[in-house]
Amino acid sequence: AMEERPYRSASGAALALRRRQHSASCRELAVCCPRLQLRSLSAATSAVWLAAYGLFVLSENSVVLSAAIFITLFGLIIYLHFVKIDQESLLVIGSLGIQVTSSYASGKESTTFIEMSRVKDVVINEAIHMQKVIYYLCILLQDPGDPQGVSEVVPLFQSSKPRLDCLIEVYKSCQEILAQRKTAPQSS
Amino acid sequence: ENSPAPLPERAIYGFALFLGSWFGFMLYLIWAYVPETWLFSLGLTYWPQKYWAVALPAYLLVAIGIGYILLFGINMMSTAPLNSTDTITDNYAKKQQQKKFQEEAIPALRDIPISEVNRMFFLPEK
């Protein structure tokens, strides 16, 4: 069953949280960011081209204009392929692990898998980020030497930065699956 | 003993500083405005170049302006990034000793692990 609900990001942009239950111990949670707006793209392109035309009028060198066209094209391609994130998703499989996927606007997908034995907990942490205090969801990785210790913190949903209400939904879903770890211990 | 109330010694220090700063300011004005030839004729030949009478205040103002930006930048650099364990715990919390639980006493102060805090805040109480 799949359900989708609207939320907001920390900066106010509209997000959508898609929750999908594949089985009793497997859930997929995806946060979809707003697509690249045509108006912001046109604004950026016009600003760069106006600046280039101004430089051309001052310097009488037409290389400035071709350079501006190339910069705009390559800048857009690099932005769509490396910066603009379309969707960030979290796949929690109870006995296996957690998979974190980021899909970029150009179609590229970058995936990280963390096996369940390394996961200590999934928590909502507060931290200072760019003169603000934000809530963010993160995976705490187990320290192999110390059962109480945390070796690493993996922050999730870094580009979409959903607000606390969305994070609480994701947290509850993850905790339901993580709680099954203790009640159903593995036979290995 | 360490009160900020006025004392006779403090009044004397204050007046000495007041006289000293006025004297320093008058000396600076004389150095900046009196022509070199007049100073040479008085026998004062080894004073610094008058260039510095303008350069030093300029340097000072720029340094103060940069200091604002520098302090801001140092603050941003010292903030722990989102993926560091410093946002969750620190050496004091790791080494804290668990005090024995006593019946009907207020529990001892301790650093509560973040998992427990999260469960209390975000999971509904049954």
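Figure 1. The model shown here, as in every figure below, is a predicted one. Strands S7(A) and S8(A) run antiparallel, and 10 bridges join them. As you follow a strand with your eye, keep this in mind: in a regular strand, side chains alternate between the two faces of the sheet.

Figure 2. Strand S7 covers residues 119-129 of chain A and strand S8 covers 132-142, with Met130(A) in the loop between them. The hairpin of S7(A) and S8(A) has 2 residues between its strands. What is the phi of Met130(A)? Its value is positive, about 55 degrees, although Met130(A) is not a glycine. Is Met130(A) buried or exposed? Its relative accessibility is 53%, and exposed means over 50%, so Met130(A) counts as exposed.

**Figure 3. Phe157(A) is a buried loop residue with a positive phi.** Look for Phe157(A) in the loop that lies between strand S9 (150-155) and helix H3 (164-183) of chain A. Phe157(A) is not a glycine, yet its phi is positive, near 55 degrees. The relative accessible area of Phe157(A) is 5%, and buried means under 20%, so this residue counts as buried.

**Figure 4. Stepping back, chain A has helices and strands in one chain.** How many helices and strands does chain A have? There are 3 helices and 9 strands, and along the sequence they follow the pattern β-β-β-α-α-β-β-β-β-β-β-α. Chain A is more spread out than a compact globule, because its radius of gyration is 21 Å, well over the 16 Å that the globule rule gives for 188 residues. Along the principal axes, its C-alpha trace spans about 75 × 40 × 30 Å. Of the 188 residues in chain A, 36% are buried. The accessible surface of the chain comes to about 10,900 Å², and carbon and sulfur atoms account for 59% of this surface.

Methods: Residues are numbered from 1 along each chain as its sequence is written. Chains are lettered from A and ligands numbered from 1 in the order in which they are written. This is a predicted model: local features need pLDDT of at least 70, side-chain atom pairs count only at pLDDT 80 or more; totals for chains, interfaces and linings use all residues. Side-chain values use heavy atoms; hydrogens and water are left out. Helices (H or I, at least four residues) and strands (E, at least two) are DSSP runs, numbered from the N terminus. The radius of gyration is taken over C-alpha atoms; the globule rule is 2.2 Å times the number of residues to the power 0.38. Buried means under 20% relative accessible area, exposed over 50%, partly exposed in between (1.4 Å probe, protein chains only). Accessible areas come from the Shrake-Rupley method with a 1.4 Å probe; for residues, only the protein chains shown count as cover. Two strands pair if DSSP finds at least two bridges between them.
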